[in-house]
Number of protein chains: 2
Amino acid sequence: MAAARARSEERRAAIVRAALEVIAERGYRGASLGAVAERVGLTQQGLLHYFPTKEALLIAVLEERDQWDTGGGAREGWRLDLLGSLVEYNAMRPGIVQTFSALLGESVTEDHPAREFFTRRYAQVRAEMAAVLRAEYGDRLPGGLTPEQAAPLVAAVMDGLQYQWLLDPDAVDMPAAFRDFLRLLGAR
Amino acid sequence: MAAARARSEERRAAIVRAALEVIAERGYRGASLGAVAERVGLTQQGLLHYFPTKEALLIAVLEERDQWDTGGGAREGWRLDLLGSLVEYNAMRPGIVQTFSALLGESVTEDHPAREFFTRRYAQVRAEMAAVLRAEYGDRLPGGLTPEQAAPLVAAVMDGLQYQWLLDPDAVDMPAAFRDFLRLLGAR
């Protein structure tokens, strides 16, 4: 049983990696369950055994990305300037940013399967950002906000800029704009 | 011909108003073309003559909202503190905010019919915000940014906070968070 479970988890991980590749190559709409199944050498029926819907697979992909981006831990160990590097890194992988943004948009509609994932993720990101900001600035940022007041703004700027950048990458320098915001947070 | 055109425009306006009502009552998913047609006393086929797709109708609704919110003009005549009031107003109309956010999410996918609308709208909003910020602060904001640097951040915070608020209205006080950001922009 333990060996079977390990094999099943390995297979799940391989599917998520394949999905990430297909997303990078073909974008959100191109990442069909069929295309992912083909990449990993399964029938579409076989893939449905691991991920019953496209949304379930995409949520697994986004969870995997969060794991990578945080080095497998929480964001609490981060420093504020690493956030700027993360946004720079994101600007080199439009496929996954598009997937995140499209699924986030869908998630606010009634009974969407990704709603719980994003709700939980934002609560976690806000708490972790507040901890990062407190480590950097103490109980009050130079501009006057508390870490808890600034945390939702950090997440909002990061996600809001992604939409402007995805729609018009030549008009919006996403990493530069995010660094402008970080400077604003720290400006006296 | 002129009378026919006037009648047709009147009918379009009535459909957009009906769509806004249906969105307010039933949200993004509940706002089907059938429900809107029924509200305005048309067959679904009759409605398709004015708006061939749900996306076309929703774009018209969002354009109409922008007209209302800006008093029929550009945002350039605005003052910065009015932006805070707009976000407060938005917090009282979750249906239209949900529609905006869901459609924005879809728009970043390949060949989406709303892509051009949002791309154009963001270019306009950034230009108008920069003008509002310049009128308030001159060529350099107290925190050190230029109006052109701050403008995409204002739009990003506004739209990014909407996702957090729609997902978890009890956890995120959207108007308060946006006013925090405005204070940060103006803090010395």
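**Helix packing, domains, interface and charges**

Tutor: The cover over the buried residues of α2(A) includes α1 (2–30), α3 (44–50) and α4 (54–69) of chain A. Contact here means heavy atoms within 4.5 Å, and helices (H or I, at least four residues) and strands (E, at least two) are DSSP runs numbered from the N terminus.

Student: Before going further, what conventions apply?

Tutor: This is a predicted model, in which local features need pLDDT of at least 70 and side-chain atom pairs count only at pLDDT 80 or more, while totals for chains, interfaces and linings use all residues. Residues are numbered from 1 along each chain as its sequence is written, chains are lettered from A and ligands numbered from 1 in the order in which they are written, and side-chain values use heavy atoms, with hydrogens and water left out.

Student: Which residues of helix α2 of chain A are buried?

Tutor: In α2 (residues 33–40) of chain A, the buried residues are Leu33(A), Ala35(A), Val36(A) and Ala37(A). Buried means under 20% relative accessible area, exposed over 50%, and partly exposed in between (1.4 Å probe, protein chains only). Just after α2(A), Gly41(A) has a positive phi of about 75°.

Student: How is chain A divided into domains?

Tutor: Domain 1 covers 1–52 and domain 2 covers 64–186; such bounds come from an automatic or database domain assignment. Taken over C-alpha atoms, the centres of the two domains of chain A are 27 Å apart.

Student: How much area is buried between domain 1 and domain 2 of chain A?

Tutor: The size of an interface is often given as the accessible area lost when the parts come together. Buried area is the accessible area (1.4 Å probe) that two parts lose on being put together, summed over both. Between these domains of chain A the value is about 550 Å², with carbon and sulfur atoms giving 72%. On the domain 1 side, Leu20(A), Ile23(A) and Tyr28(A) lose the most area to domain 2, together 80% of what that side buries. Five residues of domain 1 are in contact with eight residues of domain 2 in chain A. There are also two residue pairs in polar contact between these domains (both at pLDDT 80 or more). A polar contact is a pair of N or O atoms within 3.5 Å; within protein, one must be able to donate a hydrogen and the other to accept it, and residues adjacent in sequence count only if both atoms are side-chain atoms.

Student: Now the chains: how many residues does each give to the contact?

Tutor: Chain B gives 45 residues and chain A gives 45 residues. The area buried between the chains is about 3900 Å², of which 64% comes from carbon and sulfur atoms. Across this interface there are 17 residue pairs in polar contact (both at pLDDT 80 or more). On the chain B side, two or more residues come from each of α1 (2–30), α6 (94–107), α7 (115–137), α8 (147–167) and α9 (174–186). The largest share of that side, 12 residues, belongs to α8(B).

Student: Is Asp180(B) buried or exposed?

Tutor: Asp180(B) counts as buried because its relative accessible area is 7%. Asp180(B) is in helix α9 of chain B and, leaving aside neighbours within four places in sequence, is in contact with Leu145(A), Gln149(A) and Leu153(A).

Student: Which residue pairs with Arg93(A) in a salt bridge?

Tutor: Arg93(A) pairs with Asp69(A), the closest N and O atoms being 2.9 Å apart. The pair links distant parts of the chain, 24 residues apart: Arg93(A) lies in the loop between α5 (80–90) and α6 (94–107) of chain A, and Asp69(A) in helix α4 of chain A. Arg93(A) counts as buried because its relative accessibility is 17%.

Definitions and conventions:
A salt bridge is a side-chain nitrogen of Lys or Arg within 4 Å of a carboxyl oxygen of Asp or Glu.
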